[in-house]
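Please look over the sequence and the 3D structure shown here. Then use the report below as a guided tour.

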Amino acid sequence: MALLLALIVLSCNQEEKKQQLASSKPNVILILIDDQGYGDISALGNPFIETPNIDALHNVSARFTDFHVSPTCAPTRAALLTGRHNNRTGVWNTVKGRSLILERETLVAQMFKDNGYNTGMFGKWHLGDNYPFRPEDKGFEEVLSHGGGGMGQTMDYWNNDYFDDMYLHNGQLKKYEGYSADIWFDEAIKWIESKENEPFFCYIPSNTAHSNYNVEDKYYKDLEGNDSIPHAPFLGMVRNIDENLGKLVTYLKESAKLDNTILIFTTDNGTAQGAKTEGHRLDGFIKQGYNAGMRGVKASKYEGGHRVPLFIHWKDGGLNVGKDINELTAHYDIVPTLVDLCNLEVDDSIKFDGTSLKPLFNGNNSEFKDRIVITNSQRVENPEPWRRTSLMQGKWRLVDGVELYNLETDPEQRHNIIDQHPEKVAELKKAYDAWWEEISPSYKDQPYIYIGHEKENPVTLYCHDWHTEKEATPWHQRHIRSAFIDNGYWLVKVAETGKYSMKLRRWPKETGLSLNAEAPIRPALEGTSVKATKKGIALNIVNARLKIQNYDEVKKVDASKEYVEFEVDLQAGETKMQTWFTLNDGEELGAYYVDIKKK
């Protein structure tokens, strides 16, 4: 009897502690929208669409007018979730093995988890699809995601097309009914609802408005035929995002969670299709659409490539009145800000590159007056100094070390004034050299995909993660015989010494296609602007080769089989792995998929 009473008292105490924790700690929802730019919001000037729910959040938030991210997807995610410059985390590309975040990095989800929070993620990850890079390896307890950096990419389930797709729920494939962005928000709401008396950190990185631009007609049909609009379905996706944000805010209000929730809305790079340029496709001046008066679009080194919206709302923290904050800020400031606002205890070994934004909420900009923010788009195996780089200080912009702009007098970056300010250029170049010297030693650190590890066995490797100095075939052309055949190597870490089965494939397992089969168009590519609207053609593959550690063997191919299997004895440790398919005309390509299992 005494034991029973003790257990009852203990249970009551634990529940009381949970309720105290929930009431004392703010919840956090971090929304990251893919490829939506600063100008793709009506409150920020877009003349073509209304975004009433995003506008409503803008009206009651601290909104940052000079907030910068990386020019492309994965690098932004790495910086946003670590508080460290993306180059330091090993992520400076979206493909070629450099979208894999280094194993040593601690992400914000782990920080929240260590501080008693529940952690959930719903949407696009794009920091690695294998152990140890997956969201569940980086602190997220609840995970719903698709593969790769976009639907239709090699990691994504073959038949996914944004509607009624297969997603990974806590590591297991599961079919969901509905539109992708709707599912991310709906499932996030369900998960939040299940954490009634417990604090949560919820990350919603929608895969929209990334290509391919599949969305219901009702969101964009009224926009078609307007010559000022470069891409109606893209803006339709933005409308759908706005609708989902409204649904989330309504739920938070009705469940009385909104007031003590830090709600953050931002995007991962400049607009992908809200504006079109003349001249250079990324860096030119805007000729069609709207981009808030900025030069360039997604992936540009100019403002239009990396200046994006950031809204932060938290009523209980005093952030519920619309207020512009004009200081220069960046994606790696978000984690230090959350650590500060939520009073998280973080290991002293974690060193942030960012700075907490909390002082700016109260008008204290002393730490931001002369700060320098550097963005770059490397897209190579080894980073190079000044490669597609914007060094920012106040309203100064030093681009590639050879162009200088002052946004106060030239917001569109039309006039290079580098010859007029030699002292300023020397000052900024000195700062860049010091930054490069400090950060570049980390470039030697490599991301290794584990094989034979208990956390993921079997494992599938994807050509998306090949390391190569060559320009690889675009992901949407991978199954088409293009002007050249591509290949590369994987960096792998053999977890345990033993015998391994390796199945080399051209097509993913779920297709059931033979090595030499012709494949239909991937559903995600049908009817889109992507130029890969041909069928994957049949290739006459005659030989397969596998090279790893001391093993280097060639096998003849049976064209009727789905794969060629090798059995290899491997020693534990880090190594390179490469595959080849040889065609009857002597040309070679790599195996786009390799299934590996430790026996």
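## Confidence in the model

This is a predicted model. The mean pLDDT of the protein is 92. Of its residues, 91% reach 70 or more.

Over residues 473-484 the pLDDT is below 50. That stretch still has 37 contacts in the model beyond near neighbours in sequence. Residues 528-534 also stay under 50. For residues 528-534 the model has 15 contacts beyond four places in sequence.

## Helix 6 and its two partners

Two packed helices are described by the angle between their axes and the distance between the axes. Both values are given here for two pairs.

Start with helix 2, residues 52-59, and helix 6, residues 232-254. Their axes come within 7 Å. They cross at roughly 55°. Helix 2 and helix 6 are therefore oblique to each other. On the helix 2 side, Pro52, Asn53, Ile54 and Leu57 make the contact. Helix 6 contributes Asp242, Glu243, Leu245 and Gly246. By class, this contact has 4 nonpolar, 2 polar and 2 charged residues.

Now take helix 5, residues 180-193. Its axis lies 9 Å from that of helix 6, and the angle is about 10°. That makes helix 5 roughly parallel to helix 6, because angles under 35 degrees count as roughly parallel. Which residues of helix 5 meet helix 6? They are Ala181, Asp182, Phe185, Asp186, Ile189, Ile192 and Glu193. Across from them in helix 6 are Asn240, Asn244, Leu245, Lys247, Leu248 and Tyr251. This contact divides into 7 nonpolar, 2 polar and 4 charged residues.

Side chains of opposite charge can pair when their charged atoms come close. How many salt bridges does a search of the whole structure find? The search finds 34.

Arg88 takes part in a salt bridge with Asp353. The closest N and O atoms are 2.9 Å apart. This pair links distant parts of the chain, 265 residues apart. Asp353 sits in the loop between helix 8 (334-341) and helix 9 (358-361). Arg88 sits in the loop between helix 3 (73-82) and helix 4 (108-114). Is Arg88 buried or exposed? Arg88 counts as buried, because its relative accessibility is 11% and the cut-off for buried is under 20%. Asp353 is partly exposed, with a relative accessible area of 26%.

Arg88 also forms a salt bridge with Glu438. Here too the closest N and O atoms are 2.9 Å apart. Glu438 belongs to helix 10, residues 422-439. Glu438 and Arg88 are 350 residues apart. Glu438 counts as partly exposed, at 46% relative accessibility.

## Another bridge and a network

The side chains of Arg388 and Asp283 meet in a salt bridge, with 2.8 Å from N to O. Arg388 lies in the loop between strand 16 (373-376) and strand 17 (389-393). Asp283 lies in the loop between strand 10 (275-278) and strand 11 (285-289). The two are 105 residues apart. Arg388 counts as partly exposed at 21% relative accessibility. Asp283 counts as buried at 5%.

Some salt bridges share partners. In this way Arg84, Arg104, Glu105, Lys444 and Asp445 join into one network.

## A covered helix

How many residues of helix 8 are buried? The count is 7 of its 8 residues, and helix 8 is mostly covered. The buried residues are Ile334, Val335, Pro336, Thr337, Leu338, Val339 and Leu341. Asn343 follows helix 8. Its phi is positive, near 55°.

## The site of Gln288

Gln288 is in strand 11. It is partly exposed, with a relative accessible area of 22%. Gln288 and Pro230 are 58 residues apart in sequence. In space, their C-alpha atoms are 6.3 Å apart.

Methods
Residues numbered from 1 in each chain as written. Predicted model: local features only at pLDDT ≥ 70, side-chain atom pairs only at ≥ 80, totals over all residues. Heavy atoms only, no water. Axes fitted to C-alpha atoms, helices over the stretch in contact; angles between N-to-C directions. Helix = DSSP H or I, 4+ residues; strand = E, 2+ residues; numbered from the N terminus. Parallel < 35°, antiparallel > 145°, perpendicular 65-115°, else oblique. Contact = heavy atoms within 4.5 Å. Nonpolar A, V, L, I, M, F, W, Y, C, P; charged D, E, K, R; others polar. Salt bridge = Lys/Arg side-chain N within 4 Å of Asp/Glu carboxyl O. Buried < 20%, exposed > 50% of the residue type's maximum accessible area, 1.4 Å probe, protein only. pLDDT = per-residue confidence, 0-100.
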